[in-house]
Amino acid sequence: MGTAISLDIADDLPADRLHELAEDVFGWLREVDARFSTYRADSEVCRFDRGELLLSEASADLRLVLERCADLWGGTDGFFDAYATGGLDPSGYVKGWAAQVASDRLLAAGAANHCLNAGGDVRVRGRSSSGRPWRIGIRHPWEENATCLTLTGTDLAVATSGVYERGHHVLDPRRGIPGRGLRSVTVVGPDLGVADAYATAAVAMGVAGIGWLDRLPGHRHAVVTEDGRCLHSTDLPLV
């Protein structure tokens, strides 16, 4: 998926069972990468985008992602757009969705205490091995080895979109140019795929995204602007 992924399973389970659970998670994420990578010409999403694959022939996962992306396009007034770059690129939803599915599978398999971090999109459940709620550091948007905020909780989906690694890569689909004004956007909610898409949409909106996030039901947020202001929901679960 072009990013680092880490998994911490804190349940007191036999080593071979922990290894099996971890292999299932990384196997699923490799499957997602093979299907949805926009950098692999043979991926399903690329073949679909080139017209080599009909929707009726697509996998259930691809059809689901396309449906969710269409719903998110409507729910963000078009600012989350899987076609913003001209071709199909659902990456702004897929990474968070894939990690959410992996976490759901861990929970169903009896691993109720875990933390999965997919390139800064984090899903935590239960408690860490210390018995305390998980702590999630939000990367400082100018200092690579520092955090600007730390969240804590036992059931959180935390997605961050920013410009500090790939530059201004999130396009405002209405104008066809990168969104400006927000250095980093973190969205906290119940579903990591949706939180990922909302964070991407807010970056595309620019400064107007702050007000949009304030009105977003069921989600909390933290924003760092290009001029260094840090703004966040009053009920954000900070340490």
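User: Where does Phe79 sit in the chain?
Analyst: Phe79 is placed in the loop between α3 and α4, where helices (DSSP runs of H or I, at least four residues) and strands (runs of E, at least two) are numbered from the N terminus. Before we go on, please note that this is a predicted model, in which local features need pLDDT of at least 70 and side-chain atom pairs need pLDDT 80 or more, while totals for chains, interfaces and linings use all residues. Residues are numbered from 1 along each chain as its sequence is written, and side-chain values use heavy atoms, with hydrogens and water left out.

User: OK, and is Phe79 buried or exposed?
Analyst: Phe79 is buried, because its relative accessible area is 14%, and buried means under 20%, exposed means over 50% and partly exposed lies in between, using a 1.4 Å probe and protein chains only.

User: Which residues does Phe79 touch, then?
Analyst: Leaving aside residues up to four places away in sequence, Phe79 touches Asp172, Pro173, Arg174, Ala201, Ala204 and Met205, where a contact is a pair of heavy atoms within 4.5 Å.

User: How far is Phe79 from Pro133?
Analyst: From C-alpha to C-alpha, Phe79 and Pro133 are 34 Å apart in space, and in sequence they are 54 residues apart.

User: What about Asp77, what can you say about its phi?
Analyst: Asp77 has a positive phi of about 55°, although Asp77 is not a glycine. Asp77 is also found in the loop between α3 and α4, and with a relative accessible area of 52% Asp77 is exposed.

User: And where is Thr85?
Analyst: Thr85 has its place in the loop between α3, which covers residues 60-75, and α4, and Thr85 is exposed, as its relative accessible area is 56%. The C-alpha atom of Thr85 is separated by 7.9 Å from that of Pro173, although the two residues are 88 residues apart along the chain. Pro173 has come up already, as it is one of the residues that Phe79 touches.

User: Changing topic: how many aromatic pairs does the structure hold?
Analyst: The structure holds three aromatic pairs. Rings of Phe, Tyr and Trp (for Trp, its six-membered ring) pair if their centres lie within 6.5 Å, and planes under 30 degrees apart count as stacked, over 60 as edge-to-face and the rest as tilted.

User: Why is the pair of Trp28 and Trp97 edge-to-face?
Analyst: The ring centres of Trp28 and Trp97 are 5.5 Å apart and the ring planes stand at 70°, so the pair is edge-to-face. Trp28 lies in helix α1 (residues 15-36) and Trp97 in helix α4 (residues 91-108), so this pair ties together parts that are 69 residues apart in sequence.

User: Are those two buried or exposed?
Analyst: Trp28 counts as buried at 4% relative accessibility, and Trp97 counts as buried at 5%. Trp28 and Trp97 also form one aromatic cluster with Phe36.

User: How are the rings of Tyr198 and Trp212 arranged?
Analyst: Tyr198 and Trp212 form an edge-to-face aromatic pair, with 5.5 Å from centre to centre and 85° between the planes. Tyr198 is in helix α5 (residues 192-205) and Trp212 is in helix α6 (residues 208-214), so here the pair ties together parts that are 14 residues apart in sequence. Tyr198 is buried, with a relative accessible area of 14%, and Trp212 is buried as well, with 10%.

User: One more residue: where does Glu226 lie?
Analyst: Glu226 lies in the loop between β10 (220-225) and β11 (230-232), and Glu226 counts as partly exposed at 29% relative accessibility. Glu226 and Pro141 are 85 residues apart in sequence, and their C-alpha atoms are 9.3 Å apart in space.

User: Now the whole chain: how many helices and strands are there?
Analyst: The chain has six helices and eleven strands, and its C-alpha trace spans about 50 × 45 × 30 Å along its principal axes. Of the 239 residues in the chain, 47% are buried.

User: And what share of the contacts comes from residues 24 or more positions apart?
Analyst: Among the contacts in the chain with a separation of 6 or more, residues 24 or more positions apart account for 59%.
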